[in-house]
Amino acid sequence: ISQYATPYGYINYASDGSASSNTEATLEEQTSHGDEGGMNIGATNRMTVPYTGIYLISVSIGINKSAGTNRPRINLKLNGSTILSQELEAGRAAGGWNTRAFSQILSLSANDYLDISAVGKCDGGNYAKSQIVLLYGK
């Protein structure tokens, strides 16, 4: 009997962006990452899945926006354009840090890729992470 490594990956993001920015930007900086079982975490934090199947992705990022600017948000994109999930924070009078988190179960095809983008300043290290794992191959 052969045992294969389950496709899995993680990213610990580095601090990125600006609290006064209203522009969406892909989170491309990282302090560390890991991948196994054919999962590919690229240099720009793109997560490419090796097999068709059902995947679980979890994202937790500290984000900061200056008062009076657009609401901070984190977007999960499939193949560069389709937004699969986004967390919006109600406007705050004073701005400040807040952790946004979500998990999503996705049906993906081999070589689909996911990107995380945000509006606002993203924290780094223990305050900015994502993980992806294959739950069931098709």
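D112 is placed in the loop between strand 9 (96–108) and strand 10 (113–119), strands being DSSP runs (E) of at least two residues, numbered from the N terminus. The model is a predicted one, in which local features need pLDDT of at least 70 and side-chain atom pairs count only at pLDDT 80 or more, whereas totals for chains, interfaces and linings use all residues. Residues are numbered from 1 along each chain as its sequence is written, and side-chain values use heavy atoms, with hydrogens and water left out.

D112 is buried and yet has no salt bridge, the nearest side chain of opposite charge being that of K138, 9.9 Å away. Here buried stands for under 20% relative accessible area, exposed for over 50% and partly exposed for values in between, with a 1.4 Å probe and protein chains only; a salt bridge requires a side-chain nitrogen of Lys or Arg within 4 Å of a carboxyl oxygen of Asp or Glu. As to charge, Lys and Arg count as positive and Asp and Glu as negative, while His and the chain ends are not counted. A polar atom of the D112 side chain lies 2.9 Å from the backbone nitrogen of S109. With residues up to four places away in sequence not counted, D112 touches M47, T48, V49, L78 and N79, contact being defined as heavy atoms within 4.5 Å.

Y113, which is found in strand 10, is in contact with R46, M47, T48, K77, L78, N79 and G80, its neighbours within four places in sequence being left aside. Y113 and I41 are 72 residues apart in sequence, and their C-alpha atoms are 9.5 Å apart in space.

Two asparagines in loops have positive phi values. N45, in the loop between strand 4 (40–41) and strand 5 (47–48), has a phi of about 70° although it is not a glycine, and N45 is buried, with a relative accessible area of 1%. N79, in the loop between strand 7 (73–78) and strand 8 (82–88), has a positive phi near 50° and counts as partly exposed at 33% relative accessibility.

Methods: Helices (H or I, at least four residues) and strands (E, at least two) are DSSP runs, numbered from the N terminus. A polar contact is a pair of N or O atoms within 3.5 Å; within protein, one must be able to donate a hydrogen and the other to accept it, and residues adjacent in sequence count only if both atoms are side-chain atoms.
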